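Thanks for making time. I'll walk through one complex, strand by strand and then across the contact.

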Amino acid sequence: MEKLFETLKLALITLRANKLRSLLTMLGIIIGVSSVILLISIGSGLKTYITGQLQDLGSNSLYVVPGNLELQPGGGGSGGTPGAGAAILKFTLAHYRELTQKGTTLKAIMGYSEHNGTVSYGGRSKTMQVAGVGYQYPEVRNQYPELGTFFNASQQEAAKKVIVLGKTVADDLFPNENPVGKKITLSDNKFTVLGVLEEKGAFGAVDMDNQVFIPFTTAMSTFDVEKIMSFWIEAKENVPINEAKEEVRQILLRTLKKDDFSVLDTASVVSVISQILGVLTIALSGIAAISLIVGGIGIMNIMLVSVTERTREIGLRKAVGATPKIIMIQFLIESMVISVAGGIIGIILGATGALAMRVFIPTGVSWWSVLLAFSVSVIIGVVFGVLPAARAARLNPIQALRYE
Amino acid sequence: MRKVSKMPILKLQNVGKTYQIDSQKLSVLKGINLQVYKGDFLAIMGPSGSGKSTLMNIIGCLDTPTSGKVIFENRDVSQLSEGELAQIRNRKVGFVFQTFNLIPRTTALANVELPLIYKDIPDKERRVLAKKTLEQFGLKERICHFPNQLSGGEQQRVAIARALVTQPLILLADEPTGNLDSKTGREIIKIFEDLNKAGNTVILVTHDADIAAHAQKIIKIHDGEII
């Protein structure tokens, strides 16, 4: 015990005597550990946030998207890569009508599409996301106009050039006037502003109020697409979601093939997104972990130099009674002190970075990632310290004492 | 029954050391017999290449013989493992080297404490013991100095304190005056004489006849044999 404590003290003295060298050696570990911690917490933060937001959309929502996604909640191995079948658009207004007329379990059916567009008014213009939605959007999304109205069923049916602004867009284009009733230009077409939606806040770094809404029918003509991109369907409250899902599938199967579309519910979307984010996090952390290995090699290198430099000291220690074992332990402790100190600094930096990322996403530093980073740095200290330490332990004391 | 004091503390029986260099065998020591009694003051003399360093290494348990026996207080140490030899060195032998071999960036006190650490002596006791030994050699004011702040003579006195702090059976000095001027060298030899008078067993390895003359008994080595 006495020896161990003294050895630890000695290691600290040695490292302090070579401050710059020790710091540079730690750098690899510091960078590796901090980026692993940062990436893990960003990954889990994104996951929490996105799934939270999606669940916020409600458990009664269904999404009909083109292509066969073969989503299997819980992540079965046989499910193809989501998005691999990305997919020729096949939905038409006829499908919309059929769903609307025949769906007994469905409350609201909306066509849904996203575009980029530039809106201009009175010399001001702004590029943002244009959403083609159904007239039921305020009810489904639980976001109502604070000024004017949303468009109604007949305006949607007639594909009228009407537009509802998000709060940010309204503030930017109409800083001093009421936008309702004004004519604005979107993709060379004049649109009449019907209303402004109440604020919804940001989805991560994306300002959800920085978009405009037009009927999906209007979006088809304005952006020159013949098909409907997707459907956003709200099932009736008392209907089990799987029943509604099955009904949608049956209706669409009359005119479409099985592989032409997929019906997703919130739960399966959440599961797929967490899966993708999980894999991404692991892959990125793995890449970051490579710098841990590089850092370990750096430690090994500097420890080998240190053993050579201190050959005489090792010889003397052996002469006055140090066993090969205690010399081995001495150098192992030194490399572990470097790697663990690097690990601790890396954890502090990574955690600080992760907490700073809270401005954008709700990152959290999980205790297991800290524990993992800490144990990895201990292991690196041991693994990459063994070779130099063994070399020191094996030194012949007679030759070591004569070493110049 | 023989008296205990007549028992040799160290006995070399027919000790030989042979090195294998490529296909050639090189005999550095040939059938050395030697007995060291408590309170002896020996000088081992010989020109370089005579095998005196190898003999010293074997006496100091830094090396093992290829033939023969080395008996330390009735225990044959010629076949021990490296770890076991380290313990013998720690408890029974005190080394003083020509080049002092103090550990740099470590105070005089810490240098003297070093063998006690490997002997598992607790913190406080160790410090007291090391301080006392340093004071014994007139280094009271130098306790917290680093080796590069000490003169050659002072460094060698720290090294002697380090060798003696464990109260070893044998004090083994390898050309202890070789790196010192003649005046300081005489002071160091005086210390060894005094230590011997106080009952310590001293073995001095040197090629200098004037220094060897201070010993009670001179052992001359030539071509690996005692002459």
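Start at Phe95 of chain B. Which residue is its bridge partner in S7(B)? The partner is Leu172(B). Keep in mind that this is a predicted model.

Strand S6 of chain B, residues 93–96, is joined to S7(B) by 4 bridges. The two run parallel. On to the next pairing of S7(B). To get from S7(B) to S8(B), the chain passes through helix H6 of chain B, residues 182–197. The hand of this β-α-β crossover is right.

Is S7(B) covered or open? Mostly covered: the strand spans residues 170–174 of chain B, and 5 of its 5 residues are buried. Take the faces in turn. One side carries Ile170(B), Leu172(B) and Asp174(B); the other carries Leu171(B) and Ala173(B). Every one of those is buried, Asp174(B) included, and both faces are covered.

Now the antiparallel sheet of chain B. Its 4 strands run in the order S2-S1-S4-S5, and the sheet is open. Why do S2 and S5 of chain B each have a side without a neighbour in the sheet? Strand S2 (24–36) and strand S5 (75–76) are at the edges, each with a single partner strand, so one side of each has no neighbour there. Look at S1(B), residues 10–21. It is tied to S2(B) by 9 bridges, antiparallel. One facing pair is Val15(B) and Ile32(B), the latter in S2(B).

Next, the contact between the chains. Chain B puts in 22 residues and chain A puts in 19. On the chain B side, two elements give two or more residues: helix H2 (82–92) and helix H3 (108–118). H2(B) gives the largest share, 6 residues. By type, the chain B side has 10 nonpolar, 5 polar and 7 charged residues.

The buried set is Glu313(A), Ile314(A), Gly315(A), Leu316(A), Arg317(A), Lys318(A) and Ala319(A). Note that Glu313(A), Arg317(A) and Lys318(A) are in that set. What do these residues pack against? From chain A: helix H11 (324–356), helix H12 (367–394) and helix H13 (397–402). From chain B: H2 and S6. After H10(A) comes Gly321(A), with a positive phi near 120°.

Zoom out on chain A. Its domain assignment gives domain 1 as 2–51 + 274–402 and domain 2 as 113–228. Their centres, over C-alpha atoms, are 55 Å apart.

Last, confidence. Chain B has a mean pLDDT of 91, with 98% of its residues at 70 or more. Among the elements of chain B, helix H7, residues 209–212, has the lowest mean, 90. Helix H5, residues 152–164, has the highest, 96. For the complex, the predictor gives an ipTM of 0.93 and a pTM of 0.73.

How values were computed. Residues are numbered from 1 along each chain as its sequence is written. Chains are lettered from A and ligands numbered from 1 in the order in which they are written. This is a predicted model: local features need pLDDT of at least 70, side-chain atom pairs count only at pLDDT 80 or more; totals for chains, interfaces and linings use all residues. Domain bounds come from an automatic or database domain assignment. Two strands pair if DSSP finds at least two bridges between them. Two residues are in contact if their C-beta atoms, placed from the backbone, lie within 7 Å. Ala, Val, Leu, Ile, Met, Phe, Trp, Tyr, Cys and Pro count as nonpolar, Asp, Glu, Lys and Arg as charged, and the others, Gly among them, as polar. A residue is buried if 20 or more other C-beta atoms lie within 10 Å of its own, exposed if 12 or fewer, and partly exposed in between; C-beta atoms are placed from the backbone. A crossover is right-handed if, with the strands pointing away from the viewer, the path from the first strand over the helix to the second runs clockwise. pLDDT is the predictor's confidence in each residue, from 0 to 100.
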